[in-house]
Amino acid sequence: MPSVFLHDWNLSPAEAIALQKRLAGRVEREDRLGEVRHIAGVDIGFEQGGAITRAAAVVLAWPPRAPGAFEVVEQVVHREPTRMPYIPGLLSFREVPAALGAFGQLSRRPDLVMVDGQGVAHPRRLGVASHLGLWLDLPAIGVAKSRLCGRHGEPGPARGDWTPLTDGPDDEVIGAVLRSRVGVKPLFVSPGHRVSLATALRWVVGCLGRTKLPEPTRLADRLASRRGQAANFS
DNA sequence: GCGACAG
DNA sequence: ATCTTGTCGC
């Protein structure tokens, strides 16, 4: 597993970075969503000490039956040999191939995708959520648990409070630091593809249940890391 | 040269 | 991300 090659392409890190710069120009940050009925959550986990990459995709129906109570329409898991080590800024080359494998197993094409990671809040404005959204040609939102780049203040204490995440000498707004739950470290939300920051925030807040992570990402995260599976024989 | 660094 | 027990809190 040479670290100098990425994804299915034979790319060196320098070439991968050049590719990110080119693809970033195709990322749309203006809203272009149709009617949303199915929202997919995507996340990646690992098995066997990292040798196997495990991608999970969960599809939830919108709107929820009650605030925070979503119906799981479909959920799939795709496993494959891990092809890349983790390199900050190049996460998509490690996770997108597996994520695409999971999407290939879905019987439906979701209307919106939430990814565990950054969207345009990335050094070259092409985080894993943007890369996947671009590849699938679907509206996508990045929901990360920590910061990759950018500056920000402390968001207010109430659920839904947020403060902009900025970067560069011109203080470009690349995302938002969102308080998804009282008393818990905030989330880093950013547009992945075909959505504005305001819309991204709207959907993330709308998908919040009782936990820090929005339901799509929380359920995918749980499935990817194999939690919530041993609880079948009560 | 010295930090920072999604998952 | 993952390795891991108990423990604090609602």
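This is a predicted model: local features need pLDDT of at least 70, side-chain atom pairs count only at pLDDT 80 or more; totals for chains, interfaces and linings use all residues.
User: Where is Gln118 found, and is Gln118 buried or exposed?

Analyst: Gln118, one of the residues nearest the centre of the largest pocket, is found in the loop between S4 and H3. Its relative accessible area is 8%, so Gln118 is buried. Leaving aside residues up to four places away in sequence, Gln118 touches a set of residues that includes Gly127, Val128, Ala144, Arg147 and Phe188.

User: How many residues of H2 are buried, and what covers the buried residues of H2?

Analyst: A residue is called buried when its relative accessible area is under 20%. Ten of the 13 residues of H2 are buried, so this helix is largely enclosed by the rest of the structure; among them are Phe93, Arg94, Glu95, Val96 and Phe103. The cover over the buried residues of H2 includes helices H1 and H3 together with strands S1, S2, S3 and S4. From its first C-alpha to its last, H2 reaches 18 Å, which is close to the 18 Å expected at 1.5 Å a residue.

User: How many cavities of 30 Å³ or more does the structure hold, and which residues line the largest cavity?

Analyst: A cavity differs from a pocket in that the probe fits inside but cannot get out. The structure holds one cavity of 30 Å³ or more, and the largest cavity has a volume of about 50 Å³. Its lining includes Val42, Ile44, Glu95, Val96, Asp116 and Leu132, while S1, H2, S4 and H3 each supply at least two lining residues. By class, the lining of the largest cavity has seven nonpolar residues, three charged ones and no polar ones.

User: Which peptide bond is cis, and where does Pro63 lie?

Analyst: The peptide bond leading from Trp62 to Pro63 is cis, with omega near 5 degrees. Pro63 lies in the loop between S2 and S3 and counts as exposed because its relative accessibility is 56%. The C-alpha atoms of Pro63 and Cys207 are separated by 9.1 Å, although these residues are 144 residues apart along the chain; Cys207 itself is buried, at a relative accessible area of 0%.

User: What is the phi of Arg125, and what is the phi of Asp137?

Analyst: Arg125 has a positive phi of about 60 degrees although it is not a glycine, and Asp137, also not a glycine, has a positive phi of about 55 degrees. Arg125 is found in the loop between S4 and H3 and is buried, with a relative accessible area of 17%. Asp137 has its place in the loop between H3 and strand S5, where it is partly exposed at 38%.

User: How many disulfides are counted?

Analyst: With a cut-off of 2.5 Å between cysteine sulfur atoms, the count comes to zero disulfides. Cys149 counts as buried, at 11% relative accessibility.

Definitions and conventions: Residues are numbered from 1 along each chain as its sequence is written. Chains are lettered from A and ligands numbered from 1 in the order in which they are written. Side-chain values use heavy atoms; hydrogens and water are left out. On a 1 Å grid over the protein atoms alone, a cavity is a set of points where a 1.4 Å probe fits but cannot get out, and a pocket is an open set with protein on both sides within 12 Å along at least five of seven lines; lining residues have an atom within 4 Å of a point. Buried means under 20% relative accessible area, exposed over 50%, partly exposed in between (1.4 Å probe, protein chains only). Helices (H or I, at least four residues) and strands (E, at least two) are DSSP runs, numbered from the N terminus. The expected span of a helix is 1.5 Å times one less than its number of residues. Contact means heavy atoms within 4.5 Å. Grid points are joined across faces, edges and corners, and a volume is the space filled by probe spheres set on the points. Ala, Val, Leu, Ile, Met, Phe, Trp, Tyr, Cys and Pro count as nonpolar, Asp, Glu, Lys and Arg as charged, and the others, Gly among them, as polar.
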